[in-house]
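Hello,

I am passing on the structure we talked about, with some notes on what turned up in it. Please have a look at it first.

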Amino acid sequence: MTISSAARETARRGGAGRVPQRGASVRVPHHPSRHRGLRAWMRGGGLSALLFLMPMLVVFTVFSWIPIGQTVLMSLQQTNLVTDPVFVGFDNFRTVLKDPLLWTAVRNTLWFAFLALIIGYPAPLVLAVLMNEVRKLRGLYSALAYLPVVVPPVVAVLLWKFFYDAGPHGMFNTVLGWFGFEPVSWLQDASIAMVSLVVEATWAAAGGTVIIYLAALTRVPPELYEAAELDGASVWRKVWHVTLPQLRGVLLITFILQIVGTAQVFLEPFLFTGGGPANQTTTILLLIYNYAFATSLGGDYGAATALSLMLAVVLAVLSALYFRLTRSWSTS
C-alpha cells in the first residue's frame, strides 16, 4: 500500500497514531495567523494611520503620478495641445538627440553645476561655521543670511540686473570705477556670463542651507572641540577633524540636492540672459521651455516632455548611484 507524503508526516509526528488508508482525506490544520496579523495590525493603529495618510496619498497621486503618466504618454505623441495628438513612438526622443543645441545645453548645464559646486557649495558651510563661532548677535546674523531666501526670485533677479548693469552706473561697475577699472559687461560677455549667474544663484539660495548647517552644528558634542583645543588644534584643524566628520551625513544630502538643483536651473538663464549671449547660457530646462513655448501658437510639447523624461531618468540614475557609493561612508 502506498502512503502519501501527508500521511507519512502525520504518522511521523504521531498526531493521529495511525496511517490513513488510501483515498482517505487528510485534514489540514487551520492556521489563522494571517487573520490574527490583520486584526493585530488594525488594533495597533494601522487602519487609523492609513486613514490619516489617505488624503496625502490621493493628493500625491493626482498631482504627481497622474501627471507623470501623462508626460510619458505625451512624449510618444506629436502635439501642441491645440490640434489632435498624433502617436509617433520614439520619434520625439530621436529628434531631441539630433538637435545640436541639446549638447550645447548639456555642456552649459554641466558648466553651471561645476561652478556652483566650486562657488555655491562651500559658501553656506563657511558662513555657518563662522556664525557658529560668534557668541553675540548670532540670531541677527542667521536672519540676515536667510533674508535672500525670503526675497521673491523674480525680484532678486531684477535687483541683480541693476547690479550687473554693463554701464558705468551699474553697482558693480561703480565699485570697479573707484579703483580705476573699466566697466565690465557682466551678462553680455560670454566668458563671464555663466559665472555671474552662479554668483546670483548662490546668493539667493545659500541662506536655507546655512540654516540647515547651523542646526546640524548644534548636535556636535562640545567636548570634541574642547579635546581638540587641549591638543593645540588650530581653527582649520578643528573644522577638518571635528566639524566636517560630524556633518558628513548632512553634507551628503546637500551635495546631491545641489547636483539635482543645478541640473534643473532655469530662472537665472531665462530672466537674465534668455540663453545668450550666443546660447552660452542655454541650459537643459531653458531648452525644454523653448521646445514647449517657442511660439504663441503652441510649441512641440512632445519633444519637451521627451527631454524632460530623459533628464529625470539621468538624475534618478545619478542619485541612486551616488547613494549606493556613499552608503557605507555616511553610516560609518
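What share of the 332 residues in the chain is buried? The answer is 31%, where buried means under 20% relative accessible area with a 1.4 Å probe, counting protein chains only.

A word on the basis: this is a predicted model, in which local features need pLDDT of at least 70 and side-chain atom pairs count only at pLDDT 80 or more, while totals for chains, interfaces and linings use all residues. Residues are numbered from 1 along each chain as its sequence is written, and side-chain values use heavy atoms, with hydrogens and water left out.

The chain has 17 helices and two strands; these are DSSP runs, helices being H or I of at least four residues and strands E of at least two, numbered from the N terminus. Of the contacts (heavy atoms within 4.5 Å) with a separation of 6 or more, 59% join residues 24 or more positions apart.

Beyond its neighbours within four places in sequence, Leu 217 contacts Ala 128, Val 129, Asn 132, Tyr 225, Thr 243 and Leu 247.

Elsewhere, Gln 77 sits in strand S1 (residues 77-78) and counts as buried because its relative accessibility is 16%.

Best wishes

How values were computed. Buried < 20%, exposed > 50% of the residue type's maximum accessible area, 1.4 Å probe, protein only.
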